[in-house]
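Here is a walk through a protein model, written for someone who would like to follow along on screen.

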Amino acid sequence: MSQHPSSAIVSVILPTFNRLRFLQPAVESAMAQTFTDWELIIADDGSDLETRQYLGSLAQQPRVRVLWLAHSGTPAVVRNAALTSAGGEYVAFLDSDDLWAPRKLERQLATLRGRPTCRWSYTAFLRVDARGVALPEERGRAWVPYEGEIFEQVVTGRASIRTPSVLASRRLLAQAGGFDEELRSAEDYDLWMRLALHSEVAIVDEPLVYVRYHDANHTREWQSAYVGRDRSLRRGQQLVGPERRALLREERMRNALQLAATHARLGFPGRVLRTLWESLPFCWTYPRWWLSGVKMVLRGYLP
């Protein structure tokens, strides 16, 4: 990951592909930050003409750079292109359909500077609809603010981290290797796991990020999330000691069962069998895998 001189403290990375009606408010929320020493790097993944015209108007501003990329459809590729161009001491991520509260960067930087052992941070978040209104289920959503050493909580999914909530040292991101471009899904989970190996994390327990749920969300084949997660866990086993290796292996087993269970729920018994067969080499020692697998197979094939 190249290093570029920059007078800005924070490089804000914003990947986009069309979605102009959401992109404009996202950009405005970055520009409305109370902390003003930032540069905005927008990586465009081959958007349509209307979006390119808007981005072209932004590129005239002194603190904004637009990277014009050929369409890949892979978020990791787009974010890494922007990371290579970043020059700030810290990097913040903002997705093109999400929003930041005005004090988001200010609060995170103050927290990080007060926690010298932490080289990255995340905030609480609020899930909102296309209009920016909080989803009804947000009232009952459990939230646990994990901080410090959170590798185990990231691996098991207990730490709830959304990409637009993360602020990290650029050097830490380089040390961790950036996003895995082989992943079409779960690339964020993969990176947080590696960041947690290298540094403690500081949390700002305030909902300073608004994550949109809408019909135009970037969607992929749902199986790719499970496949990506398995790749992350398998590769992670090479980076840790025996105790953590056992944790990652058990999580691979849980991930395989969740994939098989989803196939079963959708009525694809053949895919259940295939998933169980492919996970056999790393799951056969777990009684839970056998018990759950047999139940799923019997339910799928018996009248």
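In this predicted model, S121 stands opposite L167 in β7. The strands β6 (residues 118-128) and β7 (residues 167-169) are joined by two bridges and run antiparallel. Two strands count as paired if DSSP finds at least two bridges between them. Strands themselves are DSSP runs of E with at least two residues, while helices are runs of H or I with at least four, and both are numbered from the N terminus.

Turn now to the other partner of this strand. Ten bridges link β6 with β8 (residues 200-212), and here the two strands run parallel. If you look for W120, you will find V201 of β8 opposite W120. How many residues of β6 are buried? Nine of the eleven are, so β6 is largely enclosed by the rest of the structure. Buried means under 20% relative accessible area, exposed means over 50%, and partly exposed lies in between, using a 1.4 Å probe and protein chains only.

β7 pairs with β4 in the antiparallel sense over three bridges, and Y90 has S169 of β7 as its bridge partner. Putting the strands together gives an open sheet of eight, in the order β3-β2-β1-β4-β7-β6-β8-β5, with mixed pairing. Its edge strands are β3 and β5 (99-100), each of which pairs on one side only.

A word on how to read all this. Residues are numbered from 1 along each chain as its sequence is written, and side-chain values use heavy atoms, with hydrogens and water left out. Since the model is predicted, local features need pLDDT of at least 70 and side-chain atom pairs count only at pLDDT 80 or more, whereas totals for chains, interfaces and linings use all residues.

Next, have a look at helix α3 (residues 75-85). Eight of its eleven residues are buried, so α3 is largely enclosed by the rest of the structure. Among the buried ones are P75, V78, R79, N80 and L83. What covers the buried residues of α3? The cover includes strands β1, β2 (38-44), β3 (64-68) and β4 (90-93), together with helices α6 and α7.

Two loops are worth a stop. In the loop between β1 (10-16) and α1 (20-31) you will meet N18, a residue other than glycine with a positive phi near 60°. N18 is buried, with a relative accessible area of 17%. The loop between α6 (170-176) and α7 (187-198) holds A186. A186 is not a glycine, yet its phi is positive, at about 65°. A186 is buried too, at 14% relative accessible area.

Now to the helix pairs. Two packed helices are described by the angle between their axes and the distance between the axes. The axes are lines fitted to C-alpha atoms, for helices over the stretch in contact, and the angles run from 0 to 180 degrees between N-to-C directions. The axes of α1 and α2 (residues 49-58) come within 10 Å and cross at roughly 15°. That makes the two roughly parallel, a term for angles under 35 degrees, with over 145 being roughly antiparallel, 65 to 115 roughly perpendicular and the rest oblique. On the α1 side, L20, L23, Q24, V27 and M31 meet E50, T51, Y54, L55 and L58 of α2, where contact means heavy atoms within 4.5 Å. These residues divide into seven nonpolar, two polar and one charged. Nonpolar covers Ala, Val, Leu, Ile, Met, Phe, Trp, Tyr, Cys and Pro; charged covers Asp, Glu, Lys and Arg; the others, Gly among them, are polar.

Further along, α8 (residues 223-236) and α9 (residues 242-266) pack at about 165°, with their axes 9 Å apart. They are therefore roughly antiparallel to each other. Their contact has four nonpolar, six polar and five charged residues.

Finally, the axes of α9 and α11 come within 11 Å and cross at roughly 5°, which makes α9 roughly parallel to α11. The residues in contact include L257 and A261 of α9 and W289 and S292 of α11. S292 lies in α11 (residues 287-301) and, at 25% relative accessibility, counts as partly exposed.
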